[in-house]
Amino acid sequence: MWAYFWAYQTDLPADAGFDPFSRPHLTWVIAALTAIMILTCVHHKLMPAARRRMEGLLAVVLALTYMLRWIWALVIGHYQLNEMLPLQLCAVAAALDIAAVFSGKPVFREFGYSCGLPGAVVVFLTPGIGPYPVLHFYYLLFIVDHSLLILFPLIWIINDRFRPSFRRLPACFGIVLVMAGLDVGVNRLIGSNYMFLNFVPDHTFWKPIADRFGYPGYQLAMAGLLLLVWLILYAPWIAAARRKTAKTLQ
């Protein structure tokens, strides 16, 4: 597969990719989760100033995964606006994670927790991005950037004691709505499929839902699932806040 390390997807053999939960998929998931755990522990042992420097370095790495992807596509002559613009939800989460590192704004961290983290977890479960093999330049960048989308919220919560708040969710939902509206316009203009608003690629988490509910049914299902994910993500924090309030009143 090293012969195809730099190749664009249309130049790859039909069997170059892999199926979800196959050995290659599970291997890179285990490796990525191990790296996330190690980096979380390293971050925990650092002094506050060193933590900030580490977060800054990781933010630069996250930005580089996108810039190197664009440079690769330009060099091989396959940079296409309908594929390479940073308009997917995970790309927006990456940009706001970077902004959170350098600005410290809680709402940016909130977006990373509420949208970036679950989005990256879904990618870990259904890694279909075309026929790319694991040992491919594009796919390795893909693994790194989605691993960082999981890592940042974890180190903020575990090590920096950031506490997600459902009161910041309306702002996060507003960002999602603005991006969805922008993507609808861009998709119609250039024939792209950002945020999967036109169709769902094969071998992804959303494919069975799209087959069952059709268009625009699966978009409504996506919105409903996002609300369900938020309920799961925020239930422990709401319960903890209520317990704290109850103890204060005693």
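Trainee: Why does Phe173 count as partly exposed?

Mentor: This is a predicted model, and in it Phe173 has a relative accessibility of 33%. Buried requires under 20% and exposed over 50%, so Phe173, at 33%, counts as partly exposed.

Trainee: And what makes Trp230 count as buried?

Mentor: Its relative accessibility is 6%, and the limit for buried is under 20%, so Trp230 counts as buried.

Trainee: Why is the aromatic pair of Phe173 and Trp230 called edge-to-face?

Mentor: A pair of aromatic rings is described by the distance of the centres and the angle of the planes. For Phe173 and Trp230 the centres are 5.9 Å apart and the angle between the planes is 80°; because rings pair within 6.5 Å and planes over 60 degrees apart count as edge-to-face, the label follows. Phe173 lies in helix H7 (residues 169–190) and Trp230 in helix H8 (residues 207–249), so the pair ties together parts that are 57 residues apart in sequence.

Trainee: How do you know that the pair of Trp28 and Phe124 is edge-to-face?

Mentor: The ring centres of Trp28 and Phe124 are 5.1 Å apart, with the planes at 75°, and since the cut-off for edge-to-face is over 60 degrees, this pair too receives the name. Trp28 belongs to helix H1 (residues 23–45) and Phe124 to helix H5 (residues 106–125), so parts 96 residues apart in sequence are tied together by the pair.

Trainee: Are Trp28 and Phe124 buried or exposed?

Mentor: Trp28 has a relative accessible area of 5% and Phe124 one of 6%; with the limit for buried at under 20%, Trp28 is buried, and Phe124 is buried as well.

Trainee: What makes H2 roughly antiparallel to H4?

Mentor: Helix H2 (residues 48–75) and helix H4 (residues 89–103) pack at an angle of about 150°, with their axes 9 Å apart. Angles over 145 count as roughly antiparallel, so that is how H2 stands to H4, and their crossing is left-handed.

Trainee: Which residues in H2 and H4 meet?

Mentor: In H2 they are Glu55, Gly56, Ala59, Leu62, Ala63 and Tyr66, and in H4 they include Cys90, Ala94, Ile98 and Phe102. By class, this contact of H2 with H4 has 10 nonpolar, 1 polar and 2 charged residues.

Technical notes: Residues are numbered from 1 along each chain as its sequence is written. This is a predicted model: local features need pLDDT of at least 70, side-chain atom pairs count only at pLDDT 80 or more; totals for chains, interfaces and linings use all residues. Side-chain values use heavy atoms; hydrogens and water are left out. Axes are lines fitted to C-alpha atoms, for helices over the stretch in contact, and angles run from 0 to 180 degrees between N-to-C directions. Helices (H or I, at least four residues) and strands (E, at least two) are DSSP runs, numbered from the N terminus. Angles under 35 degrees count as roughly parallel, over 145 as roughly antiparallel, 65 to 115 as roughly perpendicular and the rest as oblique. A crossing is left-handed if the near helix is turned anticlockwise from the far one by less than a right angle, and right-handed if clockwise. Contact means heavy atoms within 4.5 Å. Ala, Val, Leu, Ile, Met, Phe, Trp, Tyr, Cys and Pro count as nonpolar, Asp, Glu, Lys and Arg as charged, and the others, Gly among them, as polar. Rings of Phe, Tyr and Trp (its six-membered ring) pair if their centres lie within 6.5 Å; planes under 30 degrees apart count as stacked, over 60 as edge-to-face and the rest as tilted. Buried means under 20% relative accessible area, exposed over 50%, partly exposed in between (1.4 Å probe, protein chains only).
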